[in-house]
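Let's walk through this structure together, one neighbourhood at a time. Keep the viewer open as you read.

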Amino acid sequence: MSYIKKPKIIRDSDPRNKLGMTFDDYEGVMSTLCAGCGHDSITGAIIQTVFDLNIEPHKMIKLSGIGCSSKTPAYFASQSHGFNSVHGRMPSVATGANAANSELLCIGVSGDGDTLSIGMGQFSHAVRRNLNMLYIIENNGVYGLTKGQFSASADVGSTAKKGAANLQTPIDPCSIAINLGATFVARSFSGDKEQLIPLLKAGLMHRGFAMIDVISPCVTFNDHEGSTKSYLSTRETKREAVYTDYIAPFSEIEVQYEEGSSLEVDLHEGGKVLLRKTDDSFSPLDRSQSINGIKEASDKGEVLTGLLYIDESQPDFTEVENTINGALNSVSYDDLCPGSKALNELLDNYK
Ligand SMILES: Cc1ncc(C[n+]2csc(CCOP(=O)(O)OP(=O)(O)O)c2C)c(N)n1
Ligand code: SF4
Ligand SMILES: [Mg+2]
């Protein structure tokens, strides 16, 4: 992990968001990842997302596990809260953060190894609890940090740097998440900011568990011929299911698409997702169609990208658990310590 601060040069002409903050204000420390690593492109997209959404840094928490991908939170929003947890254990820390402050915007960044192997149990329960967080998987098909072993998302036949082929069936995080009850599932590519940034915005504004699987080539261990997660292979096999844009609340909505071909989805937090179908057979509002669409594309050797599934009707973790609105540290002393009479009445209920 790097602790080297980026030199901050702010000019009067720099664009500022509604809070008066510049893009640089949302940056983190200098990246120590390999030059060209897809993870750094995702960091750039996250910075653009939180800048555009005018997020107040103290209202956001960034979390991760262990891996090259899990270093990402150090590289953006250095003024926000952060927790770099243990390998695969980020979801339990996110659960605690959600319970302690239901108003914090939560961004978790994980890897395919961190999520689909050691962290699979924790990931599954974060999904089924509909934890209110944006969960980004920086998916390169390998354990980059430990020098390129196949991960559980490596495709059958995909080769390692030294030529050995993976023989085990991959786990597709999008299909798994939809099956487990995720309420927002999308896939994109680190090199496609035009698609990725609107998805990040919509995912962050979604109330509930929003997972985005981002194919993010590892240039050091998995970007050669034979790898199915390389820049070249992903560019050739990527197929967009629906064009997706995020529209901020209160801004005028202009629909320029032909009648019948676009669909607006209201998000709990006030924004809207605008979908335009590029393929009439695909609807991200129908769970079984989403799963079938992902599988059909995969059978053809394609990677289906875009918003793959969304359900805005489900209550999130804090609503189901009826936790307090707001932060625990803002609860008044009288509410925290209502006195012995109130305590005795409470205890009587358990007798
Ligand atoms: C408990 C534990 N087991 C194993 C490791 C070793 N380890 C560190 S990172 C990693 C895999 C990271 O892969 P991924 O999540 O895909 O991240 P990437 O480096 O590819 O971005 C492993 C197995 C560890 N740090 N802690
Ligand atoms: S080893 Fe791979 S995943 Fe890790 S920083 Fe380098 S290119 Fe990125
Ligand atoms: Mg990985």
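**Around the ligands**

The shell around ligand 2 is made up of Leu 33, Cys 34, Cys 37, His 39, Cys 68, Asn 140, Gly 144, Leu 145, Cys 218, Val 219, Thr 220 and Phe 221; a residue is near a molecule if its C-beta atom, placed from the backbone, lies within 6 Å of it. This is a predicted model, in which local features need pLDDT of at least 70 and side-chain atom pairs count only at pLDDT 80 or more, while totals for chains, interfaces and linings use all residues. Residues are numbered from 1 along each chain as its sequence is written, and chains are lettered from A and ligands numbered from 1 in the order in which they are written.

Now turn to ligand 1, which has 18 residues around it, the closest being Gly 67, Ser 69, Gly 111, Gly 113 and Gly 144. Two or more residues each come from α3 (112-116) and β5 (142-143), and α3 gives the most, with 3. Helices (H or I, at least four residues) and strands (E, at least two) are DSSP runs, numbered from the N terminus. The shell of ligand 1 splits into 6 nonpolar, 9 polar and 3 charged residues.

Next, find Thr 72, in the loop between β1 (60-64) and β2 (81-84). Is Thr 72 buried or exposed? Thr 72 counts as buried because it has 27 C-beta neighbours inside 10 Å; the cut-offs are 20 or more other C-beta atoms within 10 Å for buried, 12 or fewer for exposed, and partly exposed in between, with C-beta atoms placed from the backbone. Leaving out residues up to four places away in sequence, Thr 72 touches His 39, Ile 42, Thr 43, Ser 64, Val 109 and Glu 138 (contact means C-beta atoms, placed from the backbone, within 7 Å).

Finally, look for the nonpolar cores, sets of buried Ala, Val, Leu, Ile, Met, Phe, Trp, Tyr and Cys residues joined through C-beta atoms within 7 Å. The largest has 70 residues, and Ala 94, Val 185, Phe 209, Met 211 and Leu 308 have the most contacts inside it. Helix α6 (residues 193-205) supplies the largest share of this core, 7 residues. A second, separate core of 9 residues includes Leu 33, Val 142, Ala 154 and Cys 218.

How values were computed:
Nonpolar A, V, L, I, M, F, W, Y, C, P; charged D, E, K, R; others polar. Contact = placed C-beta atoms within 7 Å.
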